[in-house]
Structure formats: structure tokens, C-alpha cells
Amino acid sequence: MATELAPAGAPAPGAGPHPDRGGAAPRTWRPGDRVALGLCWAAGLALCLIAAAIVGYMAYRGIQYLRPSLITSRPRPSADQRGSGGFLDPIVGTVLLTVIGIALATPVAVATAVWLVEYGRPAWLARAVESGIEIVAGTPDIVIAIFGLALFQQSLFAPLSFTAAGGAVFGRSFLVAGAMMALIALPMVFGATREGLQAIPRHLREASYALGKTRIATIRRVLLPAVRPNISTGAALGMGRIAGDTAIVVVLLGATLQIDPTGNVPGLGVLRGTGSTLTSYVYNNSPAGEGAAPQKAYAAAFVLLLIVVALNFAVDLIARHAGRNGLEGTRFSA
Amino acid sequence: MIDETRPTDPALAQPPAAADEAPPAGAPAAVGPERMTVDRLGVTYGAKAAVRDVTLPIHQGEVLALIGPSGCGKTTLLRSLNRLTELTPSARRTGRILLDAQDIDAMEATALRRRVAMVFQQPNPFPMSIFDNVGYALREQALRRPRRSVLEPAVADALQRAGLYDEVAADLDAPALRLSGGQQQRLCIARAIATRPEVLLMDEPCSALDPRSTAVIEELIGELRRDLAVVIVTHNLQQAQRVGDRTAFMYLGDLVEHGPTGQIFGSPREQRTRDYVGGAFG
């Protein structure tokens, strides 16, 4: 549910009430228009209330059950809840997986969007790329997860995960889950970047060409800096999707209680190993899953919500800072 | 970066006010060497001919005003001079254009556009700081961006020549898009002249500006022509008379006639010109 809050947390740059409301006061409007205006208000307010209800309820439950020791201690398998520890590993797992996923998705998504908007030839290929991304965006995450498992269990990808004594490739690790998570985030980053590029007026590109700049220089020095806030927004939405995804974690990360490294190389071992995230931890502890520890599930869900909300605020700040020189507030005449 | 082959300017000591008053009726300003030659230029967009068989010299040290009704091909002619028409896929160009006796088609488009700079109708500063707007123009196609201290003198010089420096010197890191429209357009001029081009193309540079900003830009054009050849497209006949040393009148893709501004407006040879400029007086 947390990811559904993302748009409210990070509004698109330039969103907001139009400064020039134009026209007469609502009092002089026709009744139909007044009803429509009222409905628009109601819809906005209802969304705010729903968001507030989710955050409020989770905060009430979370604060009730959250203890510092839960965040700092590792989970342990134990039938007695007093001995089963906290959820340090799932927190680390969520952060790690989000970073891997967005780091893989962003360059690919931005490059694809740049190619599509700035080159886009041949046209049939551009159409194919766009429908390809739409299909990826529309594919349920469990389907992506199953496909990922089939793919990464091939012996070619053995270095990415654990290989059993018999030679069977496990196909589950942070790297594998991160790669498929990138597919979840990619459409968001792609869409935001494409829209940003399409919103840049043509005369800005011409201004650069007229200064004797090549197309590549124009992209690197003018267009990409101009769409940085869009990329940030898309990345924030994508990170929210990754942090909130459960199916890929269960299928491709192993959903082991603790982070379980593969091999002896520090760091890389963790990436090749399995683990869990807050989503799988919540699922496994809530009444919906194993149902053993709803208090811990609420506490973990609250932490997950905090991470996603904090992420959105952070990226919003970055975008606002990057947007200091941005196209918003452009005025073309004195 | 700075073109040392450019002839040194004898008029530097001349007060700017005199340059502003300059276009005298009948008597052309001291004409410099021919910088660009347009030779039997034709441009078509698909099946539609936008410019037909235009031959026109462009001289150093003078302002050439291109006038004519909308859609007469004056902007297309202007955009041909720095090969910006090539950005339009359907555009086809015939004939030759020479820059210092060299065919512009034989040059790299990027090199040509650094020597034949352009200012557009809409002020179009980049969404960057004032400094970076000019600095971007100055940067060579290098992988590393040069240090700020290297660019600083050239940026300040370009802003000074565009008459903007005093207004923005306090905060060169301010976003360019926060400037007023007139300031933005002068920033675009600074950006265009930063690389010391030989020719400056201006496509209705004042049409988006208020009269006060227009007057500032027109005064600036008068000063700039001492250093370079200026070609300005304008739909404003009074402006053509104010800033143009020579005027070329285009109609339906044809160059009807060109000559000293005073002659075009005072005693045009062609009936079509007489009708068009006559409307301006009536």
C-alpha cells in the first residue's frame, strides 16, 4: 500500500494551483459547473483523507509496537516471539535491493527515453520500444519474478547466485532480485524522463545547435540537466515501487530471515546471497501470512512506510534544488 | 576560440550614440568587405518553394534588414545562412552560399554555426545560470568542462558587449530564466556573440519584447554592426528603417529588390515594394 502514497508525497514539479484562476467567481457560475467544482474538491480532499488514514493508522499501530531493539537486532528463528529478534536484516535488505534496482534501471531508462525522443528513428523501432516498455510496466510482478527465476537459473548466470553441490543454480540473490526489480522501476523513470524531454520546447534545442553544438553535446549539457528533476521524480516513484514489492522478494531473493551471504568475498558475498525485505517480513509475520507476530508486522510496516515517505521527501528536495535553474517559472516576455 | 583573422575595428572609438543614429536616408554607411554571398539560393519544403533564386551580398559592418509579409521566405533565407534549415527533414536547398569565399556546405555545420551565430524570435536562454548560458557557448567540444576562471573574462566580455553586464554582474549564478524578457534576449545575444562570430543572424529579435526593451536591443544592434555583419528579419518596417543600413524586400519567396534602406523606403524601383512599404506609411 505504501507505494500508492508516492504520488502524493512527491508531486510532479510544476503541479499545483494555477496562479491565474481566470474567469469570474464561482458564485456566478452555472449550477452544473459549481457541482463539478465541488466534486473536484471532494475528490482531492478524499485522497488526502485516505493518505492520512493510512499513515495515521500505521503510525498508531507502529508506535505502539515499535521498539528501538526491533530495528537494531537481527531476526532469529524461534517459536517464542520473545526470542525471535527484530528486523535489522529486512531493513538492510530493503535498502540494498532498492539501491541495486534503481542503479540498474535509471541509466537504461534515461538512455532509452533520450533515444526515443531525440532520435526515434526508424519509427517502427521507436514504436516497438514504447510498447515493449508498456508491456513491462503492465506485467504483474509475480510474472516478472517467475520469468527471472527461469532466466537466472541458467548455468550462464551461475556467478550471480548460489550453486548447489549437484551443479543446480539456485537463481535467487540480491543481484538477481535487483535486476528484476529494475524492470519494475524502469517504466517510471522512463516515463518521467520522456515527458520531461518532450516538454522542452524545440527552440531550446535549436538555440544549442545554432551555437555550433552537436546533438550529443546538446543532450548532455542542455537537455539532461533540464530534465534532472523529472529523472529524480521518476526514480523516487521507482524506488517506492521496489521497496513495496513483495512477489519478487519472495521468489527471487529467497526471503530468508537473515541475510545469508554466498561465497567468502565480503560485500559481493552478500550481493550473491539471499535475504529478505520489510515487505516479505511483514507478510511472513502478519495474520495474512504465517500470522505468528502481528505486532512485529505492524512495527515493520510502519518502518517501511517511513522509509518510502522519507525517500519521497528527500527526492522532492533534490528536485526542488536542481530546479532552481529549471524551466518552471519561465517567463518569455517582460 | 577568438578569431584573430577578423579585421580590427576602426570604429571602436566612435561613440555608440552616433552608431544608433546612423542609417541615413540615401547615404549608405561605410560598407565593409563582403562576408557572405548568397548565390541563386532556393529552398523547398516538400513540394512548396519557400525561397526562389535569391542572390544577395552580405557585408561586414552593416545591418541588412530582411522585410516582407509573413510566409515570404525571409526566415527560411536566414536559417539557410547557418544551415539550420537542415534540421527540418523536408527542407531541400539549392544554389550556393559563401562565407569568406568558402562554400558553407564544405564546412562542418558546427564550425559554420560558431562563425554565423543566431538570435531567435523567442528569447531562449537555457535553463541554467547566466554564467553557464554564455559559458556553454564558449566551451569547445571537449570532454572536460574548462575551469570557471578560464571562461570568466570571455563571459564578462560577451555580457558587456551585449550591454547586460552591469545589470547582472552582481549575481552571474542567478538562473537565466528569472531575467526579464528583454534581458533574456540580450543574454541570448551575448551567448551568440561570445565566440566572436563574423555574422549575426537575428530572426525578429524584438517581436516578443515591449517597446522599451526593443529600443535597448535596437541600440545594441547599432553598436554590434561595427564588429560583424548583422542580418535581421523583421516584420516591423519602422524597425527596418531604424536599424537597417540596407534592406531586402522579399515577397512569396522571391527577392524583389534590395538596396540602401533609404532607397528601398524612399524610391523603390519595383511596384510590389512600393505597395508594401507604402502601406507602412499610410
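Analyst: A residue is called buried under 20% relative accessible area, exposed over 50%, and partly exposed in between. The model is predicted. By that scale B:Arg93 is partly exposed, because its relative accessibility is 22%. B:Arg93 lies in strand β4 of chain B, and its side chain meets that of B:Asp105 in a salt bridge of 2.6 Å, N to O. B:Asp105 sits in the loop between β5 (102-103) and α3 (109-115) of chain B, so the pair ties together parts that are 12 residues apart in sequence. B:Asp105 is also partly exposed, at 40% relative accessibility.

Strand β4 (residues 91-99) of chain B also holds B:Arg96. B:Arg96 forms a salt bridge with B:Asp39, with 3.3 Å between the closest N and O atoms. This pair links distant parts of the chain, since B:Asp39 is in strand β1 of chain B, 57 residues apart from B:Arg96. B:Arg96 counts as partly exposed with a relative accessible area of 41%, and B:Asp39 counts as partly exposed at 24%.

Strand β1 (residues 34-45) of chain B contains B:Arg40 as well. B:Arg40 has a positive phi, near 50°, and is a residue other than glycine. At 53% relative accessibility, B:Arg40 is exposed.

Another salt bridge in chain B joins B:Glu86 and B:Arg83, whose closest N and O atoms are 2.5 Å apart. Here B:Arg83 is buried at 10%, whereas B:Glu86 is partly exposed at 40%. A network of salt bridges links B:Arg35, B:Asp100, B:Arg115 and B:Glu198. Over all chains the count comes to 26 salt bridges.

Methods
Residues numbered from 1 in each chain as written. Chains lettered and ligands numbered in written order. Predicted model: local features only at pLDDT ≥ 70, side-chain atom pairs only at ≥ 80, totals over all residues. Heavy atoms only, no water. Helix = DSSP H or I, 4+ residues; strand = E, 2+ residues; numbered from the N terminus. Buried < 20%, exposed > 50% of the residue type's maximum accessible area, 1.4 Å probe, protein only. Salt bridge = Lys/Arg side-chain N within 4 Å of Asp/Glu carboxyl O.
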